[in-house]
Amino acid sequence: TKSGISGISLEGGSTESSKNRIVAAGGISYSVATNTNSFTGDEITRGSQDGWHLFSSGNTFSKCRVTKPGDDGFELEAGSNTFSKCKVRKAADAGVVLATGGNAFTECSAKKSGGFDLDDNCVPGTNAYVNCTFPNAAP
């Protein structure tokens, strides 16, 4: 999808998304408002707002990439999401922002963000990180 408007707004659960490419969306590139979806190899480039904005739980992300979003790479407003080998590069604001706990990240990274590469606003220890790289994490 190449678009001057928002990219994809997912409102139906149990969806599988694989190798989609969203370029230059005018709003949020990929908005997820339903639970238990699976995303593999999706790529977002140069969106004007967040790359991914999650309002739902139980989603699985594998090898997804966000490059140069106009705001945050991944913004999570829900817990119990799982991320494996996902990458964010050159976010205008934060690479990854978390407003709630219960999320798990394995071998994920965010680098060269305009703000923090990781901005976890939750009680320490409520989100899990295994072999992740966030050089500029919020204190």
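**Reading a strand-built model**

Visitor: Where does P124 lie?

Guide: P124 sits in the loop between β16 (118-120) and β17 (128-130). Strands such as these are DSSP runs of E with at least two residues, helices are runs of H or I with at least four residues, and both are numbered from the N terminus. This is a predicted model, in which local features need pLDDT of at least 70 and side-chain atom pairs count only at pLDDT 80 or more, while totals for chains, interfaces and linings use all residues. Residues are numbered from 1 along each chain as its sequence is written, and side-chain values use heavy atoms, leaving out hydrogens and water.

Visitor: Is P124 buried or exposed?

Guide: Here is the general idea: buried means under 20% relative accessible area, exposed means over 50%, and partly exposed is in between (1.4 Å probe, protein chains only). P124 has a relative accessible area of 77%, so it is exposed. P124 and C64 are 60 residues apart in sequence, and their C-alpha atoms are 25 Å apart in space.

Visitor: How many helices and strands does the protein have?

Guide: The count is 0 helices and 17 strands. Along the principal axes, the C-alpha atoms fill a box of roughly 35 × 30 × 20 Å. Of the 139 residues, 44% count as buried.

Visitor: Which residues touch the most other members of the largest nonpolar core?

Guide: A nonpolar core is a set of buried Ala, Val, Leu, Ile, Met, Phe, Trp, Tyr and Cys residues joined through side-chain atoms within 4.5 Å. The largest one here has 26 residues, and Y30, F39, W52, F61, F74, F83 and V96 touch the most other members. The elements giving two or more residues to this core are β4 (30-32), β7 (52-54), β10 (74-76) and β13 (96-98). Contact means heavy atoms within 4.5 Å. Leaving aside neighbours within four places in sequence, F83 is in contact with L54, F61, F74, L76, A104, F105, T106 and C108.

Visitor: Where is S29, and what is its relative accessible area?

Guide: Look in the loop between β3 (21-23) and β4 for S29. Its relative accessible area is 1%, so S29 is buried. Beyond four places in sequence, the contacts of S29 are G7, I8, I22, I44, G47, D50 and G51.

Visitor: What can be said about T45 in strand β6?

Guide: T45 belongs to β6 (residues 43-45). With 13% relative accessibility, T45 counts as buried.

Visitor: What is the phi of T36, and what is the phi of N131?

Guide: T36 has a positive phi of about 55° although it is not a glycine. N131, also not a glycine, has a positive phi of about 55°. T36 is found in the loop between β4 and β5 (38-40), and its relative accessible area of 44% makes T36 partly exposed. N131 lies in the segment after β17, where N131 is exposed at 62%.
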